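Trainee: I would like a close look at one part of this model. Please describe what surrounds it and where that leads.

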Amino acid sequence: MADRTNVRDDRGRILVLASGNRGKLRELTAMLEPLGWDVRPQNDWQVTEAVEDGLSFVENALIKARHATRFCGHPALGDDSGLVVDALNGAPGIYSARYAGENADDAANNKKLVEALKDVPENRRTAHFYCAMALARHAEDPAPLIAIGRWDGRILFAPEGDGGFGYDPLFWVPQENCSS
């Protein structure tokens, strides 16, 4: 009988990123590869994008993770993030990427946000970026790992700086004294 103590099952080394985003793939690979994980995008299995019909960032992250692992058979990591503006009752929230419409670009989303806040004074323009991540070991995982984070700031009256993407030019971070 062969000694199997040093044999590792591929299922223990592959982590599927429930996204086709190459930037996210690069970041996660850099973090997890030293720990022995082979991070692969769901596209490697021709997995279609999940329907994000949850009511929260956490629900959407979990939907993505379960969807990917169902088709790939490996643990999967899903995420959902966006901008939450207090004066807009949490909008754009889970609709951040499509705030100005289904095919809206960053410029259109930013323009809509500036317009929605045009009469809101500076002291009421508080907001935060919110991110939820869900790690599902399998599609029916009853105890997925959920992590959330937020970054507080406020919304500017006009874009500043030339770095970042999305809402970054409108998001002022007081601790850093700059837009993100």
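Mentor: Strands β3 (76-85) and β5 (145-155) are among the elements that cover the buried residues of helix α3. The model is predicted: local features need pLDDT of at least 70 and side-chain atom pairs count only at pLDDT 80 or more, while totals for chains, interfaces and linings use all residues. Residues are numbered from 1 along each chain as its sequence is written, and side-chain values use heavy atoms, without hydrogens or water. Helices (H or I, at least four residues) and strands (E, at least two) are DSSP runs, numbered from the N terminus.

In α3, residues 106-116, the buried residues are Asn-109, Asn-110 and Leu-113. Their arc around the axis is only 95 degrees, so they lie on the same side of α3; the arc is taken from the directions from the helix axis to the C-beta atoms. Ala-107 and Lys-111 are exposed on the face turned away from that side. Buried means under 20% relative accessible area, exposed over 50%, and partly exposed in between (1.4 Å probe, protein chains only).

Contact here means heavy atoms within 4.5 Å.

Helix α1 (residues 22-32) can be read in the same terms: its buried residues are Leu-25, Leu-28 and Leu-32. They span an arc of only 75 degrees around the axis, so they are on the same side of α1. Arg-26, Glu-27, Ala-30 and Met-31 are exposed on the other side. The buried residues of α1 pack against β3, and also against β1 (14-17) and β2 (38-41). At the start of α1, the backbone nitrogen of Gly-23 has a side-chain oxygen of Asn-21 within 2.8 Å.

Note on methods:
A polar contact is a pair of N or O atoms within 3.5 Å; within protein, one must be able to donate a hydrogen and the other to accept it, and residues adjacent in sequence count only if both atoms are side-chain atoms.
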